[in-house]
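Me: I'd like to go through this model and ask what stands behind each label. Could you set the values against the definitions as we go?

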Amino acid sequence: MAVMITNDIFSCFVFYSVLLVIKMYVIAIITGQVRLRKKAFANPEDALRHGGLQYHREDPYVERCRRAHVNDMENVLPFLFLGAIYSLTGPSLAVARLHFLVFFVGRVLHTIAYLLALRAPTRSLAYIVAQIPCLSMALQILTAVAAYA
Amino acid sequence: MAVMITNDIFSCFVFYSVLLVIKMYVIAIITGQVRLRKKAFANPEDALRHGGLQYHREDPYVERCRRAHVNDMENVLPFLFLGAIYSLTGPSLAVARLHFLVFFVGRVLHTIAYLLALRAPTRSLAYIVAQIPCLSMALQILTAVAAYA
Amino acid sequence: MAVMITNDIFSCFVFYSVLLVIKMYVIAIITGQVRLRKKAFANPEDALRHGGLQYHREDPYVERCRRAHVNDMENVLPFLFLGAIYSLTGPSLAVARLHFLVFFVGRVLHTIAYLLALRAPTRSLAYIVAQIPCLSMALQILTAVAAYA
């Protein structure tokens, strides 16, 4: 196994990151299942296969799933970058794990709050909780590399 | 040239990944060309430059291009992460290349099926084919780093 | 600090990349503020908290912020990948920094042009300027790894 993967901090980052990627895949699967159940397809060719062009239509819950997915792309994908770089800046394992874990829990709660339409501001609070370690990592990385601008 | 790039598996991953990134850029170029040809602009300032505010409007084929692009973001971008990490977990070159190649072919077919509106379920099958190596890589990575959670 | 971060070119790439990630976060914050000010919420539960379901509606400027954010995802996220790999292919520091700086300036101008709705084709030109270093990096990477396909 390669050198990088034997690094504790990087491996801890990878563990939570891959779980979050799988979480994103699950949202895509849920979206597809809701499209089938509600008969609401974004493409005419899919509607034709499932009953007719009248099912080429939008559905509020499908759109909710879409928004949850897009929000994950806006936040989880930058985390995959920030977390990897941050792991290479030499933080302590305990502090690094705290960053990754807070982000992970925040994003899982965000998805639950989105898909279950929990009362506001539950979802927004989960979003903010997850952004705190991201901003912390971004600032620590900038401090580490500012001399190379 | 740096150490990582002299790694066969990582280089194989990089090859297919960069081709897929270029494929995403091509979708963006196609979307722009369709907007110009169909005169359907998302922004009033673009419509004004190309004939008037009446062209600030949606077009079904532009929206199809957009959906193809967003679906690529949902799938190709996580692959860029999973494939890089998976390359570092020490798979055999033949098995790793198979993962990357199946994903690459699946995503190229997905884009073709989307842009040509091929009969369902062609596009969905291409999506599923491409997800198989992603799930395989995700599970192999989790196995490799689970001890560091 | 880890080996990779002591690499000048990689550190230069990381510097501009993290600034661009922060720029994406700023677009998200602006979108949220515009939603509150214009009372235009994508989710009924948010509208209910801020005055009632009549505020579950779209707003043209919120949609503009959304498009700016999505366009960043389409372009900044692939850059995070291309730039990291390109840094490992052994370019000269001056040439590499030029690539990163042109992309950075192009994307900052793109966001400004989008959010201020500057006259066309300002935004499109900024997009094209930023794509040039991306295509250059993509082609240089492909050249470096083509033997491993």
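Reply: Contact means heavy atoms within 4.5 Å. By that rule, 32 residues of chain C are in contact with 32 residues of chain B. Keep in mind that the model is predicted, so local features need pLDDT of at least 70 and side-chain atom pairs count only at pLDDT 80 or more, while totals for chains, interfaces and linings use all residues. Residues are numbered from 1 along each chain as its sequence is written, chains are lettered from A and ligands numbered from 1 in the order in which they are written, and side-chain values use heavy atoms, with hydrogens and water left out.

Me: What makes you say that chain C and chain B meet through different surfaces?

Reply: Only 9% of the interface residues of chain C are also interface residues in chain B, so the copies meet through different surfaces.

Me: What do chain C and chain B bury between them?

Reply: About 2,800 Å², 69% of it on carbon and sulfur atoms. Buried area is the accessible area (1.4 Å probe) that two parts lose on being put together, summed over both. In chain C, the residues losing the most area to chain B are Glu74(C), Phe81(C) and Tyr148(C), together 23% of what that side buries.

Me: Why is the pair Arg64(C) and Glu45(B) called a salt bridge?

Reply: The term asks for a side-chain nitrogen of Lys or Arg within 4 Å of a carboxyl oxygen of Asp or Glu. For Arg64(C) and Glu45(B), the closest N and O atoms are 2.8 Å apart, so the pair meets the rule. Between chain C and chain B the count is four salt bridges. Helix H3 (60-87) and helix H5 (122-145) of chain C give two or more residues each to the side that touches chain B; helices (H or I, at least four residues) are DSSP runs, numbered from the N terminus. H3(C) brings the largest share of that side, 11 residues.

Me: And why is Arg123(B) with Glu45(A) a salt bridge?

Reply: Their closest N and O atoms are 3.7 Å apart, so this pair passes the rule too. Chain B and chain A have a count of four salt bridges.

Me: Why does Asn71(A) count as buried?

Reply: Buried means under 20% relative accessible area, exposed over 50%, partly exposed in between (1.4 Å probe, protein chains only). Asn71(A) is at 16% relative accessibility, so this residue counts as buried. Asn71(A) sits in helix H3 (residues 60-87) of chain A. Leaving out residues up to four places away in sequence, Asn71(A) touches Arg107(A), His110(A) and Tyr127(A).
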